[in-house]
Amino acid sequence: MIETLLPQLATAAPHTAALGLVYERLADDGTVVLRGPYSEAFIGDPRTGVLAGGYVTALLDHVGGLSVWTALKGYAPIATLDMRVDYMRAAQPPRDLIGQARCYRLTRSIAFVRGLAHDGDADDPVATMQAAYILTAARP
C-alpha cells in the first residue's frame, strides 16, 4: 500500500513542491530514491554554481522520512529526532542531486536511517546521512 502513496508523499507537501523533488523509485531492499533537479534558485555560492548545503540536507531529511514509512509499511506521524550530514564534496553543477535512504532498524518509538546524496555516482557521494526519526505514535 505505501508503495502506491510514495510518489504523492514525496512531492505533495508545499516545501517538497517548492524544492522540485521528484520520486524516482523504491528499490527491492527498501531504499527510497528521490531526485532534486538542479536549479539556480538553490545555488549556495553564485561564483561556483554549487547547490546550497541546506538543499542537500532537506533532500536527505525527506528521503529519510519516506524510508521510515516504507519500513513501517504505511504512513504514521514521525519527526526528525537527530540527523548528521557529512558533506564529502561539492555537487557538480548543473547535475541533478539524487537522494537515497533506507531505514535499517525500527524500535517501538525510533526509526534509524542511513542515506546519501550524489550527483550521478553513488560511490562518490556529495554527502552521507545518518538519522533517527521518532515515531510520534509508538508501535506495539
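**Figure 1. The largest nonpolar core, with Leu97 and Met129 as the members that touch the most others.** This core holds 32 residues; a nonpolar core is a set of buried Ala, Val, Leu, Ile, Met, Phe, Trp, Tyr and Cys residues joined through side-chain atoms within 4.5 Å. Two or more residues each come from α1 (2-11), β2 (32-36), α3 (53-72), β6 (97-106), β7 and β8. Of these elements, α3 gives the largest share, 8 residues. Helices (H or I, at least four residues) and strands (E, at least two) are DSSP runs, numbered from the N terminus. The model is predicted: local features need pLDDT of at least 70 and side-chain atom pairs count only at pLDDT 80 or more, while totals for chains, interfaces and linings use all residues. Residues are numbered from 1 along each chain as its sequence is written, and side-chain values use heavy atoms, with hydrogens and water left out.

**Figure 2. Surroundings of Met129.** Neighbours within four places in sequence are left aside here, and contact means heavy atoms within 4.5 Å. On that basis Met129 is in contact with Leu60, Gly64, Met83, Arg84, Val85, Ala101, Val113, Arg114 and Gly115.

**Figure 3. Aromatic pairs, including Trp69 with Tyr75.** The structure holds 3 aromatic pairs. The ring centres of Trp69 and Tyr75 are 4.8 Å apart and their planes stand at 50 degrees, so this pair is tilted. Rings of Phe, Tyr and Trp (its six-membered ring) pair if their centres lie within 6.5 Å; planes under 30 degrees apart count as stacked, over 60 as edge-to-face and the rest as tilted. Trp69 is buried at 11% relative accessibility, whereas Tyr75 is exposed at 54%. The cut-offs are under 20% relative accessible area for buried, over 50% for exposed, and partly exposed in between (1.4 Å probe, protein chains only).

**Figure 4. Tyr104 with Phe112 and Arg114.** Tyr104 and Phe112 form a tilted aromatic pair, 6.4 Å centre to centre with 45 degrees between the planes. Tyr104 is partly exposed, with a relative accessible area of 28%, and Phe112 is partly exposed at 27%. The charged end of Arg114 sits over the ring of Tyr104, 3.7 Å from its centre. A charge sits over a ring if NZ of Lys or CZ of Arg is within 6 Å of the ring centre and within 35 degrees of the ring normal.

**Figure 5. Arg35 and its salt bridges with Glu24 and Asp96.** The structure holds 7 salt bridges, each a side-chain nitrogen of Lys or Arg within 4 Å of a carboxyl oxygen of Asp or Glu. The closest N and O atoms of Glu24 and Arg35 are 2.9 Å apart. This pair links strand β1 (residues 22-26), which holds Glu24, to strand β2, which holds Arg35, 11 residues apart. For Asp96 and Arg35 the closest N and O atoms are 3.2 Å apart. Asp96 lies in the loop between β5 (78-87) and β6, 61 residues from Arg35 in strand β2. Glu24, Arg35 and Asp96 are partly exposed, at 34%, 23% and 28%.

**Figure 6. Asp124 and its salt bridge with Arg89.** Asp124 is found in the loop between β7 (110-118) and β8 (127-135). The closest N and O atoms of Asp124 and Arg89 are 3.2 Å apart. Arg89 belongs to the loop between β5 and β6, 35 residues from Asp124. Asp124 is partly exposed at 37% relative accessibility, as is Arg89 at 23%. Salt bridges that share partners join Arg89, Arg95, Asp119 and Asp124 into one network. Leaving aside neighbours within four places in sequence, Asp124 is in contact with Arg89 and His118.
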